[in-house]
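Hi,

Here is the structure I promised to pass on. Have a look at it first, then read my notes below.

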Amino acid sequence: MNTSDNSNYFQVESKLSWDEYFMLQAMMASFKSKDPATKVGSVFVDQNNRQLTMGYNGFISGIDETKLPWGKDKSQPLEHQKYGYVVHSEANAILHSPRNLGGSKCYVTLFPCHECAKLLASVKVSEVIFLSDKHKETESNTIAKRIFDLAGIKYKQLTPSKELIQSLNDHLLNLTNIL
Ligand SMILES: [Zn+2]
């Protein structure tokens, strides 16, 4: 049978690139964060685009969260600010990964701070793909980029298009039959 004459045979393409797919996954992970001010998510994938681990910023695992502060008023001592207790998304993803992360790519919704950059370089990720770089020009950001440059870790910004987000939104609503 000549399939070119059959109307069931036609070319289709995914609406999503792998980069967009994993950035959306990182965005979904960030949605799970309870932080009322900044929600960050990350996803690590191997060379074959298989997801290895994920994380979001949150309090230390296993600690009674009701006893910890979510506020970030720096006029209070660090002991009474969230910064004393929050574990960043990349650190959580690395801590809870069941797999070795050497050579993996890290998709993260916010460019990593220098503390996370140390961890990312130590586990030898190959690339960091980020959504926002809102802390650029800060000392922490500059140090993080220096660490990545010294470690040979590539980094690039990726912003899913508004059309893609709209198309995803339509798709989700359609799946739940509330469009
Ligand atoms: Zn960090």
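**What I found**

The protein has five helices and seven strands. Keep in mind that this is a predicted model. Going along the sequence, the elements come in the pattern α-β-β-β-β-α-β-α-β-α-β-α. Along the principal axes, the C-alpha atoms fill a box of roughly 75 × 45 × 35 Å. There are 179 residues in the protein, and 26% of them count as buried. If you take the contacts with a separation of 6 or more, 60% of them come from residues 24 or more positions apart.

**The sheet**

Let me start with the open sheet. Five strands make it up, in the order S2-S1-S5-S6-S7, and the pairing is mixed. S2 and S7 (154–157) stand at the edges with a single partner strand each, so one side of each has no neighbour in the sheet. On average, neighbouring strands of this sheet are turned by 15° against each other, if you ignore direction. As a reminder, strands in a sheet pair through backbone hydrogen bonds, in either a parallel or an antiparallel way.

Which strands does S1 pair with? One is S2 (residues 51–56), which runs antiparallel to S1 and is joined to it by five bridges. The other is S5 (residues 105–110), also antiparallel to S1, with four bridges between the two. Ser42 gives you a handy point of reference here: it stands opposite Gly55 in S2, and it also stands opposite Val108 in S5.

Val108 has Phe130 in S6 as its bridge partner. If you want to walk through part of the sheet in your viewer, you can go from Gly55 to Ser42, from Ser42 to Val108, and then from Val108 to Phe130.

H1 (residues 18–31) lies across S1, S2, S5 and S6 (127–132), and runs at about 140° to S1.

**Two packed helices**

In general, a pair of packed helices is described by the angle and the distance between their axes. The pair to look at here is H3 (residues 114–122) with H4 (residues 139–151): their axes come within 8 Å and cross at roughly 15°. H3 and H4 are therefore roughly parallel to each other. Their crossing is right-handed.

Which residues meet where H3 and H4 touch? From H3 they are His114, Ala117, Lys118 and Ala121, and from H4 they are Ser140, Ile143, Ala144, Ile147, Phe148 and Ala151. By class, the contact of H3 with H4 has seven nonpolar, two polar and one charged residues.

**Two backbone angles to check**

Most residues other than glycine have a negative phi.

Asn49 has a positive phi of about 60°, although it is not a glycine. Where does Asn49 lie? In the loop between S1 and S2. Those two strands form a hairpin with five residues between them, and Asn49 is in the turn. Asn49 is exposed, with 11 other C-beta atoms within 10 Å.

Glu137 also isn't a glycine, and its phi is positive, near 85°. You'll find Glu137 in the loop between S6 and H4. Is Glu137 buried or exposed? It counts as exposed, having 8 C-beta neighbours inside 10 Å.

That's everything from my side.

Cheers

How values were computed: Residues numbered from 1 in each chain as written. Predicted model: local features only at pLDDT ≥ 70, side-chain atom pairs only at ≥ 80, totals over all residues. Buried ≥ 20, exposed ≤ 12 C-beta atoms within 10 Å, placed from the backbone. Contact = placed C-beta atoms within 7 Å. Axes fitted to C-alpha atoms, helices over the stretch in contact; angles between N-to-C directions. Parallel < 35°, antiparallel > 145°, perpendicular 65-115°, else oblique. Left-handed = near helix turned anticlockwise from the far one by under 90°. Nonpolar A, V, L, I, M, F, W, Y, C, P; charged D, E, K, R; others polar. Pairing = 2+ DSSP bridges.
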